[in-house]
Amino acid sequence: MRLEALLDSPMAFGSSHADAAAFPDAVWRERAAREAGSEACATFVACDAAGAWVGMASTEPLTEVPDHVHVHAVYVSPAHRGHTGPAGRLVDAAVRFARDNTDASWLTLGVHESNERALAFYRRLGFEATGKVVPHPLDPAERLCIMGFGRFRVPDVTHRSPQRPG
């Protein structure tokens with residue numbers, strides 16, 4: 001799925017198809033084992049009726065940015081895109097996992113500045129522009145817009161004790 005994503009949408013990711021395709025199987029197994037044993041990192045997949053993977057989304061803390069967890073590697077195969085596709089559910093699963101399994105105060109993701117479709121999709125889910133723009137890892141002349149999920153740590157007011165009147 002990762003290799004398909006890198007071929008289909010090369011500027012949506014921080015690594016190239018050539019680099020990822022060159023990894024031996026041991027690298028992929030090591031990554032899967034690391035994530036399977038992690039309490040703070042996860043990858044979610046969507047499958048079609050036959051069990052084939054058609055989408056993915058990952059989340060993990062940003063070690064270089066304290067108190068942040070990041071949604072990344074979001075991809076859905078072209079045949080499964082659209083408003084009824086799994087993309088929203090995948091991102092929602094990543095957000096819930098990050099909220100439930102990390103103490104981070106901030107949830108972010110990066111979107112290529114020219115990817116209007118992705119920017120609109122994330123806005124529909126509740127992500128907002130932070131105003132931060134960083135160079136793209138594959139081409140520093142290109143930029144990623146950092147979006148934040150404003151409702152990430154909204155207090156749950158349903159469990160508060162009622163206030164006594166004055």
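Hi everyone, let's start with a cysteine: C41 is buried, because its relative accessibility is 9%, where buried means under 20% relative accessible area, exposed over 50%, and partly exposed in between, using a 1.4 Å probe and protein chains only. C145, on the other hand, counts as partly exposed because its relative accessibility is 22%. In general, a disulfide is a covalent bond between the sulfur atoms of two cysteines. How many disulfides does a search of the whole structure find? The search comes back with zero, taking a disulfide as a pair of cysteine sulfur atoms within 2.5 Å.

A quick word on what you are looking at. This is a predicted model, in which local features need pLDDT of at least 70 and side-chain atom pairs count only at pLDDT 80 or more, while totals for chains, interfaces and linings use all residues. Residues are numbered from 1 along each chain as its sequence is written, and side-chain values use heavy atoms, with hydrogens and water left out.

Now the overall picture. The protein has five helices and six strands; these are DSSP runs, with helices being H or I of at least four residues and strands being E of at least two, numbered from the N terminus. Starting from the N terminus, the order is α-α-α-β-β-β-α-β-α-β-β. The C-alpha trace spans about 70 × 35 × 35 Å along its principal axes. Of the 166 residues in the protein, 31% are buried. If we take contacts between residues at least 6 apart in sequence, 55% of them join residues at least 24 apart, a contact being heavy atoms within 4.5 Å.

Let's go inside. In soluble globular proteins, nonpolar side chains tend to be buried together. Here, the largest nonpolar core has 24 residues, and L107, Y122 and F127 touch the most other members. By nonpolar core I mean a set of buried Ala, Val, Leu, Ile, Met, Phe, Trp, Tyr and Cys residues joined through side-chain atoms within 4.5 Å. Which elements give two or more residues to this core? They are β2 (53–61), β3 (68–76), α4 (87–101), β4 (106–112), α5 (116–125) and β6 (143–149). The largest share, six residues, comes from α4. Apart from this core lies another one, of seven residues, including A5, L6, M56 and Y75.

My next stop is H112, in strand β4. H112 is buried, because its relative accessible area is 9%. The H112 side chain makes a polar contact of 2.7 Å with the side chain of E142. For that term, we need a pair of N or O atoms within 3.5 Å; within protein, one must be able to donate a hydrogen and the other to accept it, and residues adjacent in sequence count only if both atoms are side-chain atoms. Setting aside neighbours within four places in sequence, H112 also has M11, L119, H136, R143 and L144 among its contacts.

On to charges. Side chains of opposite charge can pair when their charged atoms come close. The count of salt bridges here is three, each being a side-chain nitrogen of Lys or Arg within 4 Å of a carboxyl oxygen of Asp or Glu.

One joins the side chains of D8 and R81, at 2.5 Å from N to O. This pair links distant parts of the chain, with D8 in helix α1 (residues 2–8) and R81 in the loop between β3 and α4, 73 residues apart.

Another pairs R96 with D92, whose closest N and O atoms are 2.2 Å apart. Both of these residues, R96 and D92, sit in helix α4, four residues apart, about one turn of the helix.

Then there are E113 and R143, whose side chains meet at 2.8 Å, N to O. Since E113 lies in the loop between β4 and α5 and R143 in strand β6, this pair ties together parts that are 30 residues apart in sequence.

Finally, some backbone angles. Most residues other than glycine have a negative phi, and most peptide bonds are trans. D67, in the loop between β2 and β3, has a positive phi near 70°. A73, in strand β3, has a positive phi of about 55°. Is A73 buried or exposed? A73 counts as buried, because its relative accessibility is 13%.
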